[in-house]
Amino acid sequence: MVLKTVIGLALAAGLFAADAAGADSINAGGRKASSVQPFDAKTVAEFDTPWAIAFLPDGRMLITEKPGRIFVVTQSGQKTEVGNVPAVAARGQNGLLDIAVAPDFATSSQVYISYTEPNAEGSRLALARAVLSLADGRASLANLTVIWRQTPAGGGGQPGGIIAFDPQGTHLFLTVGDRMQPTSAQDPRQARGKVLRLNLDGSTPSDNPMAEDKGVPAQTWTTGHRNPYGLAFAPDGKLWLHEMGPRGGDELNLIEPGKNYGWPLVSNGDNYDGTPIPRHTTRPDLAAPPLYWDPVIAPAGLAFYDGAMFPQWKGSALIGGLRAQALVRVAFRADGQPDEAERWDMGERIRDVAVAPDGAVWIIEDDSPGRLRRLTPAK
């Protein structure tokens, strides 16, 4: 058992096998945004630094604001503030982050939220589950329970916090950024720079790569991530993640259990002070991104399109660009290789993107006020 634990720690620290050496990675960083848009963008509402969109089954939305508020929003823009939201440590990149509707929401009315919670040792990323109560024109969170907390506490920005459920609705995936402590992404005992896989109650699945270990290693699905602000399952069931690189090297990665994606050992970008980082091609044992951006787009928000309004986008990934101030569409070849197909100039930093039940695309802007906008085919 001791030997198995040591091997597990070594794997988590950087020795997971990877298939790609990075030689076939596509750099889409130099692409230009088009001012000609195939959609009409209608402003529906405004918010104070909105961060995430989640659709309820009836077409209403849940919108989070980074300073610490949640709203139920109709498609006409009527807003109802949700009560009993937990206190958050809102500063810089930290605050109230993602929100996701439980797979069994129709019967449980449960939602999940991620946020940085105040702590004497510094803020920590937390994942909570609550019942969304909607009655008499009011909304509130009931029975809120924190089901996971980041260990150790402390650190800077880059919290991650994106939530995704597998297609079966039985497991939850959570991105955890490095909190601006790069070496922690390769430390198997720190919940930083990882994608975690949890049961819906926050417990550890028995079939995780290192489930026989305890704590963070047992919860870890993949390691070596910097600042992951996009995580979603494609229609074919594959899990994709994008993360912000340093100065250059934003990445789109296919997430497969047990792999190490290299940060900060390798990157297709360099440190902000100009010092170089070894490229992915130097470490074929670490998973390289099939698609990256240098110069960066600063990706935020990720949704796969499977709606009816834009049939030409079926199967595409839609990504918001903060630095690029754009909406990016990524298409996939028959062999699964992704490439940026289109980029549209939106004139503002795009924080999140979501697809409504009717097939319309919704985006929110990273600003105060930041607009909630509905995209439908151009007339």
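Buried is under 20% relative accessible area, exposed is over 50%, and partly exposed is in between, with a 1.4 Å probe and protein chains only. Helices (H or I, at least four residues) and strands (E, at least two) are DSSP runs, numbered from the N terminus.

A word on the source. This is a predicted model, in which local features need pLDDT of at least 70 and side-chain atom pairs count only at pLDDT 80 or more, while totals for chains, interfaces and linings use all residues. Residues are numbered from 1 along each chain as its sequence is written, and side-chain values use heavy atoms, with hydrogens and water left out.

What does Leu127 touch? Leaving aside residues up to four places away in sequence, Leu127 touches Tyr112, Ile113, Thr145, Val146, Ile147, Trp148, Ile163, Leu172, Leu174 and Leu198. Contact here is heavy atoms within 4.5 Å.

Next, the sheet. There is an open sheet of 8 strands with mixed pairing, in the order E3-E4-E5-E6-E10-E9-E8-E7. Two strands pair if DSSP finds at least two bridges between them. At the edges are strand E3 (50–55) and strand E7 (96–101), each of which pairs on one side only. On average, neighbouring strands of this sheet are turned by 30 degrees against each other, direction ignored; axes are lines fitted to C-alpha atoms, for helices over the stretch in contact, and angles run from 0 to 180 degrees between N-to-C directions.

Within the sheet, strand E4 (residues 61–65) pairs with strand E5 (residues 69–73) in the antiparallel sense, over 5 bridges. Glu65 has Arg69 in E5 as its bridge partner. Glu65 and Arg69 are also linked with Glu81 in a network of salt bridges. A salt bridge is a side-chain nitrogen of Lys or Arg within 4 Å of a carboxyl oxygen of Asp or Glu.

How many salt bridges does a search of the whole structure find? The search finds 18. I will take three.

Arg351 and Asp366 form one, with the closest N and O atoms 3.6 Å apart. Arg351 is in strand E23 (residues 350–355) and Asp366 in the loop between strand E24 (361–365) and strand E25 (370–377), so the pair links distant parts of the chain, 15 residues apart. Both Arg351 and Asp366 are buried.

Asp358 and Arg374 form another, at 3.0 Å between the closest N and O atoms. Because Asp358 lies in the loop between E23 and E24 and Arg374 in strand E25, the pair ties together parts that are 16 residues apart in sequence. Asp358 is partly exposed at 33% relative accessibility, and Arg374 is partly exposed at 22%.

Asp270 is buried at 17%, whereas Arg279 is partly exposed at 31%.

Last, the whole protein. Its secondary structure comes to 3 helices and 25 strands. Of its 379 residues, 58% count as buried. The C-alpha atoms fill a box of roughly 60 × 45 × 40 Å along the principal axes.
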